[in-house]
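User: Could we go through this model together? I would like to discuss the salt bridges and then the sheet.

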Amino acid sequence: MTSTTPMIIDPALREQWHAQFGDTLAFDVPMSAHTSWRVGGLAQVLFQPRSLESLSQFVRELPAQIPLHWVGLGSNLLVRDGGVAGVVVTTKKLPHDIAQDAQGDVVASAGTPCTTLARQLVRWGLGPSEFFAGIPGSLGGALTMNAGAHGHETWDVVRFARLLHRDGRIRQYTPGDFKIAYRSVVLPAQGWFVGATLRFDPDYEPSLQHMRELQDRRKQTQPLGLPSCGSVFRNPDGDHAARLIEVAGLKGHQIGGAQVSPKHANFIINTGAATAADIEALITHVQDTVSQHHSVALTHEVRFLGEAVA
C-alpha cells in the first residue's frame, strides 16, 4: 500500500499503447531491475523505446495529466518502495550513437554509457575525456547533474545540448541557456536530454593508459562490485564528504540492509536485502551525524523518485 492512490489509466489507452509500441512498453514493472541500487517499487508504466522517433511520438501523444519520469542507467537514483505513478521512460535501449561531425566535434546520444563514451573519445585522441570513465551512468544523467570525476565536469566540454520536450519536439540549446554549477543544472524549460555535441581541447592528448589507471584506482578505492549509486553526497567547499563521514565514525554503519561502505564512506551499498526506506534512512542519519560532528550540512546527489510505503 502506498501513501497515495495510483492513478487510473484508461484501459483503451493501454490497448492503444500495446498496439503502437509492443513489447517496449510494460505495466507494473519492479524498478529494482532498473536501478543500480537494486531497490524500488513498481513503475505503473515502463517504456523502453528503441528509437528516438518512437520516444518522441510517445511523449507527444501522452495525455498531459499522466506524469512522465526519466531514467537512464538508474545510477544516482533512489526509487522508493511504494513505486512510481505514471510513466517511467528508460533510455538504456536507445541507440548508443557516437560520431564526429565536420567540425571535429563529437555528437553523442544521451543513452550512451559514460564509460563507452570515454573509450571512444580516447581512441579518437580527443580530450580531456578520460574522466568520463569515472562517471557511473549515461551521458544523459551526466548532463542532468553536471557529473564529474578526476577534476573535470561534463559541462566543461559541452557545446550544444538537445532536449526532448513534452510536445515531442527536440530543441537544441547552448550552455548559456542553462544555469550550471557543481553537480547542478537548471534547465531553461521542462524537458529531457536526448543528446549533446561535445568539443575538446585540440592541444590535449588523452591517454588510454591514464584512463585505465583511473579505472584501476576506482576499483581499489570504491565498492564497484556491490549495488550502489556511486557517490551519495556532494563534496562541500574545501573538503570531501567521504572524510567527514569517516571521521564521524560512520564507515560500516548499517540500517537494515543498507550500509555505509567500509571501503569508501561516500558510498552506501545494498548488502543484499536493503529496501529503499533503509537507504533513505541511512542517508538522513549520515546527514544528521555529520552535522552534529562537523556543523556541515551534506547535500545528497541522489534523485528520489516515487512514493514511500505508508
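Analyst: A salt bridge here is a side-chain nitrogen of Lys or Arg within 4 Å of a carboxyl oxygen of Asp or Glu. This is a predicted model, in which local features need pLDDT of at least 70 and side-chain atom pairs count only at pLDDT 80 or more, while totals for chains, interfaces and linings use all residues. Residues are numbered from 1 along each chain as its sequence is written, and side-chain values use heavy atoms, leaving out hydrogens and water.

User: How many salt bridges does that rule give?

Analyst: The count comes to nine salt bridges. In one of them, the side chains of Arg80 and Glu280 meet at 3.0 Å, N to O. This pair links distant parts of the chain, 200 residues apart: Arg80 is in the loop between β4 (77-79) and β5 (84-90), and Glu280 is in helix α7 (residues 276-294). Helices (H or I, at least four residues) and strands (E, at least two) are DSSP runs, numbered from the N terminus.

User: What about Arg159 and Asp105?

Analyst: Their side chains form a salt bridge at 2.7 Å, N to O. Arg159 lies in strand β10 and Asp105 in the loop between β6 and β7, so the pair ties together parts 54 residues apart in sequence. Asp105, Arg159 and Arg199 are linked in a network of salt bridges.

User: Is Asp105 buried or exposed?

Analyst: Asp105 is buried, with a relative accessible area of 2%. Arg159 counts as partly exposed at 29% relative accessibility. Buried means under 20% relative accessible area, exposed over 50%, and partly exposed in between (1.4 Å probe, protein chains only).

User: Turning to the sheet, what is the strand order?

Analyst: The open sheet of five strands has the order β6-β7-β14-β10-β11, with antiparallel pairing. Two strands pair if DSSP finds at least two bridges between them.

User: Which strands stand at the edges?

Analyst: The edges are β6 (98-100) and β11 (170-173); each has a single partner strand, so one side of each is left without a neighbour in the sheet. Three bridges join β6 to the antiparallel strand β7 (residues 106-109), and Gln100 has Val106 in β7 as its bridge partner.

User: Which strands does helix α3 lie across?

Analyst: Helix α3 (residues 114-123) lies across β6, β7 and β14, running at about 30 degrees to β6. Axes are lines fitted to C-alpha atoms, for helices over the stretch in contact (heavy atoms within 4.5 Å), and angles run from 0 to 180 degrees between N-to-C directions.
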